[in-house]
Each structure stands twice: as structure tokens, then as C-alpha cells.
Amino acid sequence: MEPELTVNETFTVNDIHLCYESDNASYIFTSNPSIICVLLYILLGSLSVVTICGNLLVIISIIYFKQLHTPTNYLILSLAVADLLVGVLVFPFSMAFTVTSCWYHEDIFCKVRGSFDVTLSTASILNLCCISIDRYYAVCQPLTYKSKINDRVIMIMILVSWGLAALIGIGIIIAGFNQGKCEESCLIDALISTTLACIFSFYIPVIIMLSIYLKIFLVAQKQANSIQSTTCHSTKSGATVSKMERKATKTLATVLGVFLLCWTPYFLCIVFQPLTYSITPIAVIETLNWLTLSNSMLNPFIYAFFYSWFRSAFRMIISGKIFHGDFSNGSEQCHSD
């Protein structure tokens with residue numbers, strides 16, 4: 001995602017981007033890039049490739065293996081599609097035309113890029129939120145889980161997530177909040193833009209996710225304590241319960257920690273930036289922007305690689321085994337832990 005605030009000041013070309021040079025009041029990619037510039041684009045290109053490959057593995061696995069056709073996995077599929085599109089569209093656009101260059105030049109390319117950026121990033125966050133809701137019913141209300149979370153409900157959740165994401169992404173662009181020139185009402189427009197984007201794209205989903213995962217953790221801990229007390233506190237049972245608690249804690253800490261690590265610094269920056277008169281260093285904005293996009297690369301590892309059924313599917317796909325027979329019904333183990 002990208003910030004919406006700029007000011008009318010004079011900048012040198014190095015203030016825009018290390019890989020750009022000035023050409024008649026516009027900025028073009030330098031014909032003689034430095035080693036740092038080359039290494040930077042190799043790194044960003046690698047992130048894009050890993051994002052695409054990782055999420056493509058998740059998508060193929062869920063579509064091909066029938067045993068993975070479950071409501072929960074449909075949410076993971078939707079998340080993988082959003083993250084895949086981030087790798088296919090947002091990563092290359094951001095590399096071809098740097099985020100900070102769009103601060104100074106308002107054109108159709110910047111609007112399209114910004115719309116893709118906001119829409120897909122928001123869709124990814126909202127899908128994460130839906131997954132947390134699914135996990136809540138699975139852990140906290142297991143007896144009614146199948147009746148409340150069925151294919152129809154999952155489809156509604158997916159459609160709402162993508163619909164809201166598109167509405168936010170396109171709405172911000174149409175409303176003119178994404179403009180790169182700062183006029184008299186710049187501060188007001190920037191505050192409105194960043195406030196709306198932050199509330200609907202980040203803070204509301206984060207509050208929901210934190211609340212849900214906290215509830216899941218408390219319920220799981222209570223269930224573990226109950227199991228421990230009903231088994232007379234045997235050593236074996238105690239060890240099992242302790243293992244369950246550690247696994248639940250580790251999983252929730254990984255999910256929330258990586259998500260917040262990737263997104264919080266950026267949103268804090270764009271919230272406080274309009275309130276300050278100093279310009280945030282370009283390198284900081286670029287780094288925070290790419291940090292948020294990297295969450296799309298990490299999601300397959302968090303939501304798929306932790307489960308044995310996805311790991312089995314990945315091995316069969318990468319080895320090409322699925323091309324030498326029909327394994328869609330799961331000839332090898334493809335089930336949930």
C-alpha cells in the first residue's frame with residue numbers, strides 16, 4: 001500500500017530513488033544503475049518469485065486434491081489468490097515505478113498501481129480475518145462448527161472480503177485521495193485518506209483478529225487444564241497438555257507476530273506522517289512498503305507449511321508425481337494434524 005501525502009518542495013533525484021535519474025522534470029530509470037540498485041532489484045525480484053511460487057503451490061494443492069476441499073481450505077485458497085496477485089501485479093508495478101515517484105507525478109499508471117495495491121492488500125488482510133473467525137468456531141464451538149461454517153457461509157465470507165477490498169481500493173482512487181500533488185487542502189485530504197484506509201484496511205481487522213485469537217488461546221488453555229485435571233495429573237497427561245499449550249501458543253504467536261511485524265510499522269508511519277512537518281526519509285517509506293508486501297510471501301509458510309497435509313501435497317507437486325497418475329483422491333496422506 002502507499003502513502004497519500006506529499007509536499008511542494010525541491011528534491012534531488014537521490015531523494016526520489018537510488019535507481020532513478022532526472023529527465024526534463026520527470027524521473028526515468030537510470031541508464032547506469034549502481035551495484036546497490038542492481039542488488040535491490042534482484043532482491044525485490046526474488047521476493048516476487050517466492051511469493052508467486054509459494055501461493056501457486058497452495059492454490060494447486062487445494063484445487064487438485066479432493067481431500068483438501070474443506071471450508072477452511074477454501075478460505076486459505078482465497079488468501080493465496082490475493083497474495084498471488086500481489087506477487088504478480090503489485091510487486092512488478094512497484095519495481096517498475098517506485099512508490100515514492102507516484103508522490104510527485106499523478107498519472108493513470110500511478111492510479112492503477114495504487115488501486116491494485118490497496119485492493120489486493122486489503123483483500124489479503126480481510127481473508128486473514130475470515131480465517132481467524134473460522135478457527136474461532138473450530139476451537140471454541142466444535143460441536144456446532146460444521147453447521148455454522150459450511151460451504152455457503154464460506155462463500156459469503158470470501159465474496160464480502162473481496163467486495164469490501166475492491167470498494168476500498170477503487171473508492172480511494174475515485175475520491176481523489178491518492179493524488180500526488182499537495183495543495184492547500186493537502187493536510188485535510190491526507191488525514192481523511194489515511195484515516196479511512198487505516199480504519200477499514202488495518203485497524204478494524206487487526207482488532208477483530210487480536211480479540212478472536214486471544215479468545216481461542218484462552219479457551220484452548222482452559223480445555224488443556226480441564227484435560228489435565230480429569231486425568232489425575234498424570235505425568236504422561238501433563239506432558240501431553242504442556243505440548244498442546246506450547247503448540248497453540250507458538251502457532252498464535254507466529255500468526256499474529258508476523259502479521260503485525262509486517263503491517264504495523266507502515267500504518268503507524270502513514271498515520272503520524274501528515275501530523276508532522278518533516279519529511280519521512282524516502283528509504284524508510286520504501287522499506288516499510290516492501291515489508292507490508294512481504295506478508296503475502298510469508299502467508300503460505302504460516303497457513304500452509306505448518307500442516308502435514310499441505311506439506312505432502314507440496315512434495316507431490318514439486319516432484320511432478322501428480323503428472324504420473326491420478327492422486328486427486330489422496331493416495332498419500334493428506335489430512336489435517
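Start by selecting Phe 202, Tyr 203, Phe 259, Trp 263, Tyr 266 and Phe 267: together they form one aromatic cluster. This is a predicted model, where local features need pLDDT of at least 70, side-chain atom pairs count only at pLDDT 80 or more, and totals for chains, interfaces and linings use all residues. Residues are numbered from 1 along each chain as its sequence is written, and side-chain values use heavy atoms, with hydrogens and water left out.

Rings of Phe, Tyr and Trp (its six-membered ring) pair if their centres lie within 6.5 Å; planes under 30 degrees apart are stacked, over 60 edge-to-face, the rest tilted. The count by this rule is 10 aromatic pairs.

Next, select Tyr 64 and Phe 65. Their ring centres are 4.9 Å apart and their planes stand at 90°, so this pair is edge-to-face. Now zoom in on Tyr 266 and Phe 267. They are also an edge-to-face pair, 5.5 Å centre to centre with 85° between the planes.

Buried means under 20% relative accessible area, exposed over 50%, partly exposed in between (1.4 Å probe, protein chains only). Tyr 64 is partly exposed at 23%, while Phe 65 is buried at 1%. Tyr 266 is buried at 1%, and Phe 267 is buried at 0%.

Of its 53 residues, Tyr 213, Phe 259, Tyr 303 and Phe 310 touch the most other members. Then select another core, lying apart from it, of 12 residues, including Phe 91 and Leu 293.

How values were computed: A nonpolar core is a set of buried Ala, Val, Leu, Ile, Met, Phe, Trp, Tyr and Cys residues joined through side-chain atoms within 4.5 Å.
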